[in-house]
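Dear colleague,

Please find below the structure that I am handing over to you.

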Amino acid sequence: MHKRKENRTYYVVVHGRKPGIYKNNEQAQSQVHSFPNGKMKKIKGLKAAKQYFSENRQTDSKNKIYYVVKRGRNPGLYLEKTKALQQIKNYPYGKVKRIKGYEQAHAYFHNEEFKEREKIPNISIDGSYIQNSSFSGYGFVVQENDQIIARDSGTILDFDIINLRSQGAELYAFIRALEWAITNSYKFIRIIYDSQVIIQLLDENGFKASKRSRGIVKLVRLYQRYKDLITVELYHKSDHESYETQHKEAHDLSRLMSNIIHNK
């Protein structure tokens, strides 16, 4: 058992929502995604992981100053004032607030003021690729104030996107969800996603570092056009237990057309 632990890979979160040592990469990623200056490291061996965590864990989050952008290009928590101010510069009714402590800043961002935030829909997205038939589909579910107000699913006919398999299908679902929201005059939405890869691709640096296939270029270019029209908050499906059920329905929808076609 001791030998197995020393050969196992661990993911050490030293600055994030819940610092700690994780065996699962996705669980660790969810702790640092969208967290100001989040830091995680992949380490082999439990002993080395514990030592790194002990030496590098940042424990002063209660005393740190956060700049909370409630309304701006990219709402969220920022440690640098200049970056926060960039989000509201020339943005209509932009708002940023200086708050001490992560928990207080997080609570303010999610719960205080702005009654219109209650109407922000959660949109769970997913895409599926059926390998034996080279068939791709997408699905998304829109929930507002605990009520499902819309569902959508369909097949993907663009071979450049089909060739990206599951990654392309989920990225396509993301774009379709944005188009639905823009069509229905939403200015703010929350996207509940599964694949960390597509979030990295939507980031400018991640896109530049990726293998830029034709399908990725098509979808990311659409995102670059749409993101100026709508503000998107990103949450992984594991961030809250309620997201799991909603995401499961989006997953089933992404396979719906494939099941209909292949069961005939």
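Buried residues account for 46% of the 264 residues in the protein. Please bear in mind that the model is a predicted one. Its secondary structure consists of 12 helices and 11 strands. Among the contacts with a separation of 6 or more, 63% are between residues 24 or more positions apart. The accessible surface amounts to about 15,200 Å², and carbon and sulfur atoms contribute 46% of that area.

I turn next to the nonpolar interior. In soluble globular proteins, nonpolar side chains tend to be buried together. Here the largest nonpolar core holds 35 residues, and the members that touch the most others are Ile-123, Ile-125, Ile-189 and Ile-191. At least two residues of this core come from each of strand 7 (122-130), strand 8 (135-144), helix 6 (159-162), helix 7, strand 10 (188-193), helix 8 (196-202) and helix 10. Helix 7 provides the largest share, 9 residues. Ile-191 illustrates the packing: beyond its neighbours within four places in sequence, it is in contact with Ile-123, Ile-125, Phe-174, Ala-177, Val-232, Glu-233, Leu-234 and Tyr-235. Another core, of 12 residues, lies apart from this one and includes Val-68, Ile-99, Tyr-102 and Ile-192.

The aromatic residues deserve a separate paragraph. How many aromatic pairs does a search of the whole structure find? There are 4 aromatic pairs. Phe-174 belongs to helix 7 (residues 165-183) and Tyr-223 to helix 10 (residues 214-226), so the pair ties together parts that are 49 residues apart in sequence. Both Phe-174 and Tyr-223 are buried. Elsewhere, Lys-70 places its charged end over the ring of Tyr-108, at 4.7 Å from the ring centre.

Two histidines may also be of interest to you. His-236 is part of strand 11 (residues 231-236). Is His-236 buried or exposed? His-236 counts as buried because its relative accessibility is 4%, the cut-off for buried being under 20%. A polar atom of the His-236 side chain lies 3.0 Å from the backbone oxygen of Asp-194. Leaving out residues up to four places away in sequence, His-236 touches Glu-26, Ile-192, Tyr-193, Asp-194, Gln-196 and Tyr-243.

His-33 is located in the loop between helix 2 (25-32) and strand 3 (39-44). With a relative accessibility of 14%, His-33 counts as buried too. Its side chain is joined to that of Tyr-193 by a polar contact of 3.3 Å. When residues up to four places away in sequence are set aside, His-33 touches Arg-17, Tyr-193, Gln-196, Ile-199 and Leu-234.

Finally, some details of helix 2 itself. At its start, a side-chain oxygen of Asn-24 comes to within 2.9 Å of the backbone nitrogen of Glu-26. Ala-28, Gln-29, Ser-30, Gln-31 and Val-32 are buried in helix 2. The buried residues of this helix pack against strand 1 (9-15), strand 2 (20-22), strand 3 and helix 8. Just after helix 2, Ser-34 adopts a positive phi of about 65 degrees.

With kind regards

Key. Residues are numbered from 1 along each chain as its sequence is written. This is a predicted model: local features need pLDDT of at least 70, side-chain atom pairs count only at pLDDT 80 or more; totals for chains, interfaces and linings use all residues. Side-chain values use heavy atoms; hydrogens and water are left out. Helices (H or I, at least four residues) and strands (E, at least two) are DSSP runs, numbered from the N terminus. Buried means under 20% relative accessible area, exposed over 50%, partly exposed in between (1.4 Å probe, protein chains only). A polar contact is a pair of N or O atoms within 3.5 Å; within protein, one must be able to donate a hydrogen and the other to accept it, and residues adjacent in sequence count only if both atoms are side-chain atoms. Contact means heavy atoms within 4.5 Å. Rings of Phe, Tyr and Trp (its six-membered ring) pair if their centres lie within 6.5 Å; planes under 30 degrees apart count as stacked, over 60 as edge-to-face and the rest as tilted. A charge sits over a ring if NZ of Lys or CZ of Arg is within 6 Å of the ring centre and within 35 degrees of the ring normal. A nonpolar core is a set of buried Ala, Val, Leu, Ile, Met, Phe, Trp, Tyr and Cys residues joined through side-chain atoms within 4.5 Å. Accessible areas come from the Shrake-Rupley method with a 1.4 Å probe; for residues, only the protein chains shown count as cover.
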